[in-house]
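Shall we take the side chains one pair at a time and then look inside?

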Amino acid sequence: MPAPSILSTTDDHVARLTLNRPEALNALAPEQRDRLIALLAGASADPEVRAVVLTGTGRGFCAGADLRGGATAGERVAGDVARTLRVGAQRLIAAVLDCEKPVVAAVNGTAAGLGAHLALACDLVLAAESARFIEVFVRRGLVPDGGGAYLLPRLVGPQRAKELMFFGDALTAADAERLGLVNRVVPDGELDKTAREWAARLAAGPTRALALTKQLVNASLDADRATAFAAEAAAQEINMTTADAQEGVRSFAERRAAAFRGR
């Protein structure tokens, strides 16, 4: 039987999702995209999962949406394109942004189009030295999708975002790190090791506090100060009912390291 197009394993509270179509640079066909959405939703809801790593096999992280299935063929019906984006690329990016567990992208190679946005939607981004990020849409005469015009200005500002999207030039991992798109660049041979180390640290952390922190940071980009402060107060109220928060306070008083259980 052929190998699954997405490899999924969970070990030591870390879900590892690996795009596995190396012959297509892990371009996302609709069924693979929907499977990834389901896996992210499952990881978000599973109390045994406390961190997620997203990576790819071969030379590519993800070359974007797989357009070889005739997506542009046939008669166009008004509303079809918008509907396809809502239930497809946008739903995938939302699944990453809304995942209640921290998601680490381990970008092992080319991340283009939707693939670049998939990486940039993650909470932390590690990149191999050979990785490249490409806003490829302009090369095909297309408007960026998959949340690109939402994500990029928030990460690098509108001027840099326009430069990347208007020209579609390949961005090296080092340049992506310089612009703030990537947390850290590592040698190719150390990417997996570093991703596992980061995921292990996250999995050992206070899972609910991390989820609420992620929610606060993401929402703050679209909120005024009063709304952000109110959300912060509500998050603190919720978090103080968790066992991990109580353990954190207790460990501080007892002058010992906290032992968080993700509850």
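Predicted model: local features only at pLDDT ≥ 70, side-chain atom pairs only at ≥ 80, totals over all residues.

Asp34 is partly exposed, at a relative accessible area of 33%.

**A pair of sequence neighbours**

- Asp34 forms a salt bridge with Arg33, with 3.1 Å between the closest N and O atoms.
- Arg33 has a relative accessible area of 15% and is buried, because the cut-off for buried is under 20%.

**A pair across the sequence**

- Glu100 and Arg208 meet through their side chains in a salt bridge, at 2.9 Å from N to O.
- Glu100 sits in the loop between helix H3 (89–98) and strand S5 (103–107), while Arg208 belongs to helix H9 (residues 207–220), so this pair ties together parts that lie 108 residues apart in sequence.
- Glu100 counts as partly exposed, at 34% relative accessibility.
- Arg208 also counts as partly exposed, with a relative accessibility of 29%.

**A pair within one helix**

- Lys193 and Glu197 form a salt bridge, their closest N and O atoms being 2.7 Å apart.
- Both residues lie in helix H8 (residues 191–203), 4 residues apart, which means that about one helical turn separates them.
- Glu197 is partly exposed, and its relative accessible area is 38%.

- Side chains of opposite charge can pair when their charged atoms come close.

**The enclosed space**

- Rolling a probe the size of a water molecule over the atoms shows where empty space is left.
- The largest cavity holds about 70 Å³ of space.
- Its lining is made up of Ala116, Leu120, Phe133, Ile134, Glu135, Leu152, Leu164, Asp169, Leu171 and Leu181.
- Helix H4 (114–120) and strand S8 (132–134) are the elements that give two or more residues to this lining.
- How many residues of each class does the lining of the largest cavity have? There are 8 nonpolar and 2 charged residues, and no polar ones.
- Glu135 and Asp169 are among the lining residues, and they count as charged.

How values were computed: Residues numbered from 1 in each chain as written. Heavy atoms only, no water. 1 Å grid on protein atoms, 1.4 Å probe; cavity = no way out; pocket = protein on both sides within 12 Å on 5 of 7 lines; lining within 4 Å. Points joined across faces, edges and corners; volume = space filled by probe spheres on them. Salt bridge = Lys/Arg side-chain N within 4 Å of Asp/Glu carboxyl O. Buried < 20%, exposed > 50% of the residue type's maximum accessible area, 1.4 Å probe, protein only.
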